[in-house]
Amino acid sequence: WASPTAQIGDAGAVAIVIAGEKSYQSRRMHVAVEMHGTVTRGMTAVDPRETATEPDRPVAPPNATVLLSVEAEELKTIFSNAVLQPLSGEAVNAPKL
């Protein structure tokens with residue numbers, strides 16, 4: 001998996017909860033799961049528009065909170081301190097990427 005980036009999956013959501021609202025920007029939006037696409041089946045779709053005109057579907061009411069940006073350094077530190085914590089209980093600094 002030779003990738004220059006890493007994903008922390010569900011642990012990222014936990015880090016967001018620990019860090020609090022100051023660590024991210026979010027917006028309530030309608031999120032749907034594509035069930036019929038040949039390329040996008042199972043993927044989520046978000047329509048950020050506040051209005052729609054014919055022939056588009058009307059804008060659906062928000063049903064999820066979508067993260068738009070995060071304070072990556074803060075979340076890396078929280079994640080690193082939880083996962084890489086030495087047995088002594090001392091915190092460690094997030095690795096520089």
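# Exercises on a predicted model

The side chains of Glu74 and Lys22 form a salt bridge, with N and O 3.3 Å apart. This pair ties together distant parts of the chain: Glu74 sits in helix H2 (residues 72-83), and Lys22 sits in the loop between helix H1 (10-19) and strand S1 (24-29), 52 residues apart. The model is predicted. Work through the exercises with the structure in view.

## Exercise 1: the Glu74–Lys22 pair

Classify Glu74 and Lys22 as buried, partly exposed or exposed.

Solution. 
- Step 1. Recall the cut-offs: buried is under 20% relative accessible area, exposed is over 50%, and partly exposed lies in between.
- Step 2. Take Glu74. Its relative accessible area is 26%, so Glu74 is partly exposed.
- Step 3. Take Lys22. Its relative accessible area is 61%, so Lys22 is exposed.
- Step 4. Check the bridge itself. The cut-off is 4 Å between nitrogen and oxygen. The Glu74–Lys22 distance is 3.3 Å, N to O.

## Exercise 2: a network of charges

The structure holds five salt bridges. Which residues do shared partners join to Arg49 in one network?

Solution. 
- Step 1. Start at Asp47. Asp47 bridges to Arg49, and their closest N and O atoms are 2.8 Å apart.
- Step 2. Move on from Arg49. The side chain of Arg49 also meets that of Asp56 in a salt bridge, at 2.8 Å from N to O.
- Step 3. Join the two. Through shared partners, Asp47, Arg49 and Asp56 make one network.
- Step 4. Asp47 has a relative accessible area of 31% and is partly exposed. Arg49 is at 36%, which is partly exposed. Asp56 is partly exposed too, at 36%.

## Exercise 3: the surroundings of Arg28

Where does Arg28 lie, and which residues does Arg28 contact beyond its neighbours within four places in sequence?

Solution. 
- Step 1. Find the element. Arg28 belongs to strand S1.
- Step 2. List the contacts. With neighbours within four places left aside, Arg28 touches Pro62, Asn63, Ala64 and Thr65.
- Step 3. Pick out Ala64. Arg28 and Ala64 are 36 residues apart in sequence, yet their C-alpha atoms are 5.7 Å apart in space.
- Step 4. Arg28 has 47% relative accessibility, so Arg28 counts as partly exposed.

## Exercise 4: a proline in a loop

Is Pro61 buried or exposed? How many residues separate Pro61 from His30 in sequence?

Solution. 
- Step 1. Locate Pro61. It is in the loop between strand S3 (44-46) and strand S4 (64-70).
- Step 2. Pro61 has a relative accessible area of 59%, so Pro61 is exposed.
- Step 3. Compare sequence with space. Pro61 and His30 are 31 residues apart in sequence, and 5.8 Å apart from C-alpha to C-alpha.

## Exercise 5: the whole chain

What pattern does the protein chain follow along its sequence?

Solution. 
- Step 1. Count the elements. The chain has two helices and four strands.
- Step 2. Order them. The pattern is α-β-β-β-β-α.
- Step 3. Look at burial. Of the 97 residues, 11% count as buried.
- Step 4. The accessible surface is about 8,100 Å², and carbon and sulfur atoms account for 58% of it.
- Step 5. Among contacts with a separation of 6 or more, 54% are between residues 24 or more positions apart.

Key:
Residues are numbered from 1 along each chain as its sequence is written. This is a predicted model: local features need pLDDT of at least 70, side-chain atom pairs count only at pLDDT 80 or more; totals for chains, interfaces and linings use all residues. Side-chain values use heavy atoms; hydrogens and water are left out. Buried means under 20% relative accessible area, exposed over 50%, partly exposed in between (1.4 Å probe, protein chains only). Contact means heavy atoms within 4.5 Å. Accessible areas come from the Shrake-Rupley method with a 1.4 Å probe; for residues, only the protein chains shown count as cover.
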